[in-house]
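Visitor: I am new to this structure. Please take me through one part of it slowly, and then show me what lies around it.

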Amino acid sequence: MTLVAQDKSIVVPGEVLATGMDHVPAQGTFRENENIIASQLGLLSVNGRLIKVIALSGRYIPKVGDMVIGKITYISFSNWSVNIGYAYEANLSLKEATSDFIARGADLSQYFDYGDVVTAKVIGVNKQKAIDLTMKGPGLRKLKGGRIIKVTPSKVPRLIGKQGSMISIVKEATNCKIIVGQNGLVWMQGDDPEKVRLAEETILKIDREAHKEGLTDEISKFLKERLK
Amino acid sequence: MKYTKRLDGRKFEEARPIEAKVGVVKRADGSAMFRTGKTIAIAAVYGPRELHPSHLRNSEKGILRCNYNMMAFSTAQERVRPGPSRRSKEINLVMEKALLPVLDLSEFPNTVIDVFVELPQTDAGTRCAGINAAALALADAGLAMKDIISSISVGKVGDKIVADLSKEEEDFEGGATDIPVAIMPRTNKLTLLQLDGNVSKDELKEALEMAKKSCQEIYKIQVKALKEKYGA
């Protein structure tokens, strides 16, 4: 009948969240007889009758439409394999990679070579776990220079903020170019190495403290203090 | 032979001091440390990731691969010969079987989840400490699990049933039997039960009851450790 665990609290796998048939199990939970039980470590979120657990850790799971940052790991005759931090490699086909004319048998490494880092968009995820990427679209390109850091994929929405509020604070304060991939990779580039370092520090701080309330204000205060 | 008082002064049903910590290996997907007395286990989880060699792959679901390693300097006795052994192979197998009932790997066909359990310091009960640490590390890695596994070794030392044997007790001259047990705490179902020695039916029942009680205590410590990592 009732909620056993507290809303917005951290729950662990196997923890009983609610008893009775009044609630409905959603993502990260399952029903066992009368009880709804967490199947993942995360933050409990109750929305009306819906009970779900927002993961706080774990690997990236691709969704169609996500912009990701990936690394080229293999070149075959007509496509590239891209590591996007999922359990499976993603696939970037010739057709989706460029609108240039590429002659039969051309050397594909002149477009993207092993180890190159690209921004791409997920256009297909199927049951066989084949992930299709495209690089046709605004802002999708090969990344040259700069550096990459890793954050927890489930905290990316927090890092970006509402309508990009959080990340634009960091961009403005540090004067860096920053690209956040939905898979938790963050690329940044700036002229002043000190400021790039500050941007990195800030992003890692957001990753660590993502569950705190009023973090946007805290971050802008933190940046102001460090830039004095 | 009578065993009237435990060698380290504990009560018969009392476990050694337990400590658990989550997130100890920075570059792993999930990690944990579990200590009971002088036994320390550190578990690191990597994956799900592509499995090589590919003939081991299962196209229905992912597989779990455990790797138990007692470090050469870990014992108070003779140096452990490094590398895989008959014993470590057995423990890898029982750890996998103890952990698999709570894991749902159907989302990740053709992949492997690697669990590395390292033991820098040992004083009996290593496979149980390893399972406890591995269960925490798997939860920390954000994998879908039905429950967390808690494990303890119970046994008979002389004529008494005791919990959490130390190495000294395992070598008790009046004879000792070690029974490692792992349970799913929510349902109290067993996922590991090994026995190598002599106990009667009633003694085994008593030992299992004791194990279930101790595992509930361990479960509380495990839950606390997991919640602590995220500041709650």
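Visitor: Let us look closely at one strand pairing in chain B. Which residue of β5(B) is the bridge partner of B:Ile63?

Guide: B:Val112 is the bridge partner of B:Ile63 in β5(B). One caution before we go on: this is a predicted model.

Start with the two strands involved. β4(B) pairs with β5 of chain B, which spans residues 111–121. The sense is parallel, and the pairing runs over eight bridges. Strands of a sheet pair through backbone hydrogen bonds, either parallel or antiparallel.

Now step back to the sheet. β4(B) and β5(B) belong to an open sheet of five strands. Its order is β1-β2-β3-β5-β4 in chain B, and the pairing is mixed. The edges are β1 (18–22) and β4 (63–70) of chain B. Each of these edge strands pairs on one side only. On average, neighbouring strands of this sheet are turned by 15° against each other, direction ignored.

A helix packs on this sheet. It is α2(B), and it touches β1, β2 (30–36), β3, β4 and β5 of chain B. The direction of α2(B) makes about 150° with that of β2(B).

What sits in the core? The largest nonpolar core has 128 residues. B:Ala43, B:Leu99, B:Ala133, B:Ala134, B:Leu136, B:Ala137 and B:Leu138 have the most contacts inside it. The element that gives the most to this core is α2(B), with 10 residues. In soluble globular proteins, nonpolar side chains tend to be buried together.

Next, look at where the two chains meet. 26 residues of chain B are in contact with 17 residues of chain A. On the chain B side, three elements each supply at least two residues: β3 (39–50), α2 (126–140) and α4 (201–229). β3(B) gives the most to that side, with four residues. By class, the side of chain B that touches chain A has 13 nonpolar, five polar and eight charged residues.

Chain A has five helices and 16 strands. Its C-alpha atoms fill a box of roughly 65 × 55 × 25 Å along the principal axes. Of the 228 residues in chain A, 37% are buried. Consider the contacts in chain A with a separation of 6 or more. Residues 24 or more positions apart account for 54% of them.

The domain assignment divides chain A into domain 1 (10–55), domain 2 (67–143) and domain 3 (147–226). The centres of domain 2 and domain 3 of chain A, taken over C-alpha atoms, are separated by 26 Å. Their contact takes eight residues from domain 2 of chain A and eight residues from domain 3 of chain A. On the domain 2 side, β8 (67–75) and β11 (117–125) of chain A give two or more residues. β8(A) gives the most there, with three residues. The residues on that side of domain 2 of chain A divide into six nonpolar, two polar and no charged.

Last stop: another sheet, this time in chain A. Three strands form an open sheet in the order β14-β16-β15 of chain A, with antiparallel pairing. β14 (147–150) and β15 (177–180) of chain A stand at the edges with a single partner strand each, so one side of each is left without a neighbour in the sheet. Neighbouring strands here are turned by 20° against each other on average, direction ignored.

Zoom in on β15(A). It pairs with β16 (residues 185–189) of chain A in the antiparallel sense, over four bridges. In β16(A), A:Gln189 is the bridge partner of A:Lys177, and A:Val186 is the bridge partner of A:Val180. β15(A) and β16(A) form a hairpin with four residues between them. A:Gly184, in the turn, has a positive phi of about 95°. In a regular strand the side chains alternate between the two faces of the sheet. β15(A) has a covered face, A:Ile178 and A:Val180. The uncovered face of β15(A) holds A:Lys177 and A:Ile179.

Terms used
Residues are numbered from 1 along each chain as its sequence is written. Chains are lettered from A and ligands numbered from 1 in the order in which they are written. This is a predicted model: local features need pLDDT of at least 70, side-chain atom pairs count only at pLDDT 80 or more; totals for chains, interfaces and linings use all residues. Two strands pair if DSSP finds at least two bridges between them. Axes are lines fitted to C-alpha atoms, for helices over the stretch in contact, and angles run from 0 to 180 degrees between N-to-C directions. Two residues are in contact if their C-beta atoms, placed from the backbone, lie within 7 Å. Ala, Val, Leu, Ile, Met, Phe, Trp, Tyr, Cys and Pro count as nonpolar, Asp, Glu, Lys and Arg as charged, and the others, Gly among them, as polar. A nonpolar core is a set of buried Ala, Val, Leu, Ile, Met, Phe, Trp, Tyr and Cys residues joined through C-beta atoms within 7 Å. A residue is buried if 20 or more other C-beta atoms lie within 10 Å of its own, exposed if 12 or fewer, and partly exposed in between; C-beta atoms are placed from the backbone. Domain bounds come from an automatic or database domain assignment.
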